[in-house]
Structure formats: structure tokens, C-alpha cells
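Colleague: I have some questions about the labels used for this model. Let us take them in turn.

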Amino acid sequence: MKPLNTRLTSGGSARPEIRPGDIWQTSAGVKITISSVTPMRVTYTREGYAYPCISPADNFYRAYFPVKTGAMTAWCQENNPLEQVKKLRELIQAKHEGRH
């Protein structure tokens, strides 16, 4: 019997990339800033703690998750939501008037 080939394969990493300067946090809300990254370990500084901390990369992924700051703020600055709503209302009104 021939094996079934669905051609569905996974690719890439399921974990977010750790980069120097990124901000991550624990589930308790303690924020850290990444100082340096190697394939085996991550060096970071904790908020309110002066000395650098070192953690194996696998342990780091279990203890911390990335903080995405300003995503909504950046979008609002690029696309004024009020202007977008006004444009949509005008388009909807024009379509309704065109049909009747």
C-alpha cells in the first residue's frame, strides 16, 4: 500500500525569535530587556535589577513571552480610525443611493 502524501509540512520555528533590545515578560508581569543572544543562552536585564542574568534558551522560552507594545498605537497613527469610518459610511451611503 502506498503511503498517503498530503504535502502538508511544517516549516520554520514555532517560537518567536529572540533579538537584542526586545522586551519580554513573565506571567507575573516582570519585564526584561534582552542584552545578547547566542544559540544556547540568552543574556538579559530585569526591570529594577542592575546586574545581567543568563538563561539557557529552552528555559527562557518556558519562562518568558514577548511583549508587543504599541501595535495598536502605531496602526492608529498610520490609519486614522475616524477617517476610515467616515469613508466607509460614505461608500455605504453611495451604494444605497445608487440602488434606489
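Colleague: What share of the contacts in the chain with a separation of 6 or more comes from residues 24 or more positions apart?

Modeller: Such pairs account for 30% of those contacts. Contact means heavy atoms within 4.5 Å. This is a predicted model: local features need pLDDT of at least 70, side-chain atom pairs count only at pLDDT 80 or more, and totals for chains, interfaces and linings use all residues. Residues are numbered from 1 along each chain as its sequence is written, and side-chain values use heavy atoms, with hydrogens and water left out.

Colleague: Why is Thr26 called buried?

Modeller: Its relative accessible area is 15%. Buried means under 20%, exposed over 50%, partly exposed in between (1.4 Å probe, protein chains only). So Thr26 counts as buried. Thr26 sits in the loop between β1 (23-25) and β2 (31-37); strands are DSSP runs of E, at least two residues, and helices runs of H or I, at least four, numbered from the N terminus.

Colleague: What does Thr26 touch, not counting residues up to four places away in sequence?

Modeller: Ala63, Tyr64 and Phe65.

Colleague: How many residues of the chain count as buried, as a percentage?

Modeller: 14% of the 100 residues.

Colleague: What makes Leu91 exposed?

Modeller: Leu91 has a relative accessible area of 56%. The cut-off is over 50%, so Leu91 is exposed. Leu91 belongs to helix α3 (residues 81-99).

Colleague: In what order do the elements run from the N terminus on?

Modeller: β-β-β-β-α-β-α-α. That is three helices and five strands.
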